[in-house]
Amino acid sequence: MQPSQKEARRTPGWMGIHRGHKARPLEWLAEKFIFLVSLSTILMVFLIFVFVAREALPVFFGQTDTALVSAVIPPNEMDKHSPAELQKYLELTPEQFKAMDHDTLKSLMDVKVEAQDDIPEEFRTSRDARINTTEWRYLLLPHQWDDYKKPEYIWQPVGQIKKFNIIPLLVGTLKITLIGLLFAVPLAVGAAIYVSQLARPQVREIAKPTIELLSGIPSVVVGFFALLVLATVLQKIFGYETRLNAFVAGIALGFAVIPIIFSIAEDALTSVPRAYTQAALALGASRWQTAWQIVLPAALPGVFAATVLGFGRAIGETMIVLMVCSASVMSWSIFDSARSITTTIAAEMAEAVNGGPHYRILFMLGALLFAATFISNMIGDFVIHRFKNKLEGKR
Amino acid sequence: MSEVLSPKSKVQSRHFRAEKFDFWSFFFSGLTGLATLLIIGILAVILINIIVNGWQGFTWHFVSTIPKKDFFDIKTTGVLPMIIGTTFRVLVMTIFVIPVGVITAIYLTEYAPSNSLITRIIRAAVNNLAGVPSIVFGLFGLGFFINFIGKNMDVLLHNTGAVWGQPALIWASLTLAVMTVPVVIVATEESLKAIPPGLREASLALGATKLETILKIVLPQALPGIMTGGILAVSRAAGEVAPILFTGVAYYMASLPSHLSDQFMDLGYHVFVLSTQSPNIEQTRPILYATVLVLLVLTFALNIVAIIIRSNIRRKMRSLH
């Protein structure tokens with residue numbers, strides 16, 4: 001009750017006019033301006049969501065079409081069809097359609113027929129040339145393509161028949177991310193325990209900023225290092241065939257994620273009240289017992305949040321994976337090449353036609369990525385918030 | 001607080017060690033210590049590898065030469081246009097990001113009611129912005145700045161052909177500004193919180209208004225923190241490649257960017273191009289390493305400066321509480 005009253009007294013009235021006080025319109029305007037500017041952060045998140053989703057909407061509503069061969073309406077039968085049907089068939093907007101006279105429409109229909117004649121012979125009879133590969137079942141389920149023996153997951157956005165199955169990309173992303181996290185989480189959390197609980201203050205003063213410095217290395221540089229040095233070293237150690245694979249990408253990704261997990265976990269471990277540690281030590285526990293049995297359990301939500309936020313960073317990392325491996329192979333083996341969602345977007349956006357099906361699907365992948373990181377951020381922040389409140393005794 | 005307590009606890013732990021040697025304690029302390037060492041080792045290996053292999057190519061000639069289209073010729077290659085491009089895009093970005101970031105931080109620390117819904121939403125938005133993948137920022141830049149704002153600007157200004165509705169320096173900078181806003185906010189907020197409340201109260205008690213207190217007392221004190229935020233944002237942005245891939249970077253430009261609607265060459269992107277499209281990686285290795293070293297010097301030097309300022313602020317803050 002008390003804080004809200006205090007708050008109310010402090011706020012100036014409309015335009016800074018407040019009974020019994022000097023009017024301060026400038027003060028009032030400044031406060032409103034500052035408030036409006038800070039709202040822009042909300043606007044930015046909103047705009048990112050809206051504009052990434054906007055470019056992807058046609059995929060969600062099934063308005064993209066990649067079918068090469070489509071049913072043709074002979075121009076002389078055009079009067080049998082309703083104007084609405086013709087407009088859809090000719091892919092015109094209502095305004096464009098209205099602006100055209102009968103003859104222009106007829107010539108457009110001739111063009112349509114000629115376009116069908118231009119399709120190479122081998123696709124006339126092909127089943128694949130008749131389907132719209134951007135439908136959800138082709139995006140998610142395996143499909144038996146003409147040249148393949150059994151139904152398969154294929155991402156192959158170039159060529160006459162574009163195959164957009166996103167499952168290989170999801171598997172690739174998951175594979176690389178999990179390897180990265182399996183490598184980074186134990187290391188980062190271990191280091192966080194050491195730095196926050198066990199190390200001498202002088203060591204801590206040096207170790208903490210040094211580890212945080214790792215996050216200052218640009219991801220192209222990490223990718224470059226992985227490509228030239230790490231890949232060769234790891235191949236010598238493990239002796240696998242493909243030099244650039246998901247394993248190398250995962251480890252390099254781990255380098256990028258370690259500082260994030262470390263600093264959040266370290267923060268959580270440090271914020272456990274000193275009374276806990278002192279009580280444990282007073283009862284005769286060793287430093288390690290205190291760290292492992294008292295501090296770590298108390299800080300577990302924070303460590304969990306660090307992992308979740310690290311996951312969010314890892315699935316969004318682009319340049320490292322782009323430089324280290326990029327072939328889209330559907331395989332669960334960690335020593336095969338893999339292609340992540342981010343890599344696909346980065347590598348293919350330049351060649352995708354602005355507004356075309358490929359472009360739309362890349363934006364859809366971006367929206368997917370945004371949603372995934374949004375959710376993991378929300379979970380991470382929520383857990384940390386609860387954890388801090390609990391430590392401070394608030395509920 | 002920690003300074004008062006640490007000698008005491010040191011005595012305690014020494015006492016325990018003398019009494020009973022606990023193997024598991026020793027083992028796990030060693031293991032976590034090893035994890036710490038390994039991480040620092042990774043950092044050291046990356047840095048040493050790049051410095052050792054790169055310093056020979058890191059000459060004045062290399063830094064100050066405008067290369068021909070063939071980047072892989074050792075004699076004529078250079079990175080001047082990339083350094084200029086990266087500097088430009090980052091400077092334009094700071095013009096946008098610093099005011100927005102600082103003002104938002106001022107709102108969050110000085111004005112915002114501490115637990116109201118709107119404050120929590122703003123905080124959640126800032127955290128989210130910090131977590132959005134950089135490639136999504138690139139898509140956003142393409143979808144919003146180029147395809148929406150840029151194309152509409154061309155229509156309104158009656159431009160023939162695409163002037164603004166195509167990848168350009170300004171769009172890359174704006175995209176990066178959106179990406180680095182949280183960095184500035186967090187750093188500024190930290191330094192604002194480090195200023196003792198007594199200072200504000202004294203100013204208010206002397207009759208200054210809230211705005212005057214913020215402008216004349218709080219902000220000057222917070223300046224190092226704001227600088228840290230700016231430097232960190234600049235160093236983060238200078239190293240990012242993914243957000244500019246579709247919003248402004250060019251593989252090769254014959255001339256330097258002279259207008260906000262020009263495309264530009266970029267150091268980070270150049271590293272990517274060199275390391276993935278080199279015809280013979282063994283031969284071009286010196287050029288590659290030298291380019292990486294230039295990028296690292298640019299981003300890392302800034303980072304170290306920021307870390308030093310920041311640790312000073314943190315020390316000051318600790319002595320206050």
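How many helices and strands does the secondary structure of chain B come to? I started my notebook there, and the count is 11 helices and zero strands. One thing to keep in mind as you read along with me: this is a predicted model.

**Entry 1: chain B overall**

I read chain B along its sequence and wrote down the pattern α-α-α-α-α-α-α-α-α-α-α. Next I looked up the extent of chain B: its C-alpha atoms fill a box of roughly 75 × 60 × 35 Å, taken along the principal axes. Chain B has 321 residues, and 45% of them are buried. I also checked the contacts in chain B between residues at least 6 apart in sequence, and 77% of these join residues at least 24 apart.

**Entry 2: a loop residue in chain B**

I then went to B:His158, which sits in the loop between α6 (134-156) and α7 (169-193) of chain B. Its phi is positive, at about 55 degrees, although this residue is not a glycine. I made a note of that because most residues other than glycine have a negative phi. Is B:His158 buried or exposed? I found 6 C-beta neighbours inside 10 Å, so B:His158 counts as exposed; the cut-off for exposed is 12 or fewer.

**Entry 3: chain A and its confidence**

Of the 395 residues in chain A, 39% are buried. For contacts in chain A with a separation of 6 or more, residues 24 or more positions apart account for 74%.

The mean pLDDT of chain A is 83, with 87% of its residues at 70 or more.

**Entry 4: domains of chain A**

The domain assignment gives chain A domain 1 (2-60), domain 2 (70-118) and domain 3 (167-391). I looked up the separation of domain 2 and domain 3 of chain A: their centres, taken over C-alpha atoms, are 54 Å apart.

**Entry 5: the strand loop of chain A**

A:Gln160 lies in the loop between β1 (155-156) and β2 (163-164) of chain A. With 13 C-beta neighbours inside 10 Å, A:Gln160 counts as partly exposed. I also looked at A:Ala129, which is 31 residues from A:Gln160 in sequence and 8.2 Å from A:Gln160 in space, C-alpha to C-alpha.

**Entry 6: the largest nonpolar core**

The largest nonpolar core has 184 residues, and those with the most contacts inside it include A:Ala188, A:Ile261 and A:Val324. The largest share of this core comes from α11(A), with 18 residues. Domain 1 (2-60) and domain 3 (167-391) of chain A each give this core at least three residues.

Leaving out residues up to four places away in sequence, A:Val324 touches several residues, among them A:Gly223, A:Leu227, A:Leu244, A:Val248 and A:Ala252.

**Entry 7: where the chains meet**

Last, I looked up the contacts between the chains: 70 residues of chain A are in contact with 75 residues of chain B. Which helix gives the most to the side of chain A that touches chain B? My note says helix α2 (residues 25-60) of chain A, with 18 residues. By class, this side of chain A has 46 nonpolar, 15 polar and nine charged residues.

Technical notes: Residues are numbered from 1 along each chain as its sequence is written. Chains are lettered from A and ligands numbered from 1 in the order in which they are written. This is a predicted model: local features need pLDDT of at least 70, side-chain atom pairs count only at pLDDT 80 or more; totals for chains, interfaces and linings use all residues. pLDDT is the predictor's confidence in each residue, from 0 to 100. Domain bounds come from an automatic or database domain assignment. Two residues are in contact if their C-beta atoms, placed from the backbone, lie within 7 Å. Helices (H or I, at least four residues) and strands (E, at least two) are DSSP runs, numbered from the N terminus. Ala, Val, Leu, Ile, Met, Phe, Trp, Tyr, Cys and Pro count as nonpolar, Asp, Glu, Lys and Arg as charged, and the others, Gly among them, as polar. A residue is buried if 20 or more other C-beta atoms lie within 10 Å of its own, exposed if 12 or fewer, and partly exposed in between; C-beta atoms are placed from the backbone. A nonpolar core is a set of buried Ala, Val, Leu, Ile, Met, Phe, Trp, Tyr and Cys residues joined through C-beta atoms within 7 Å.
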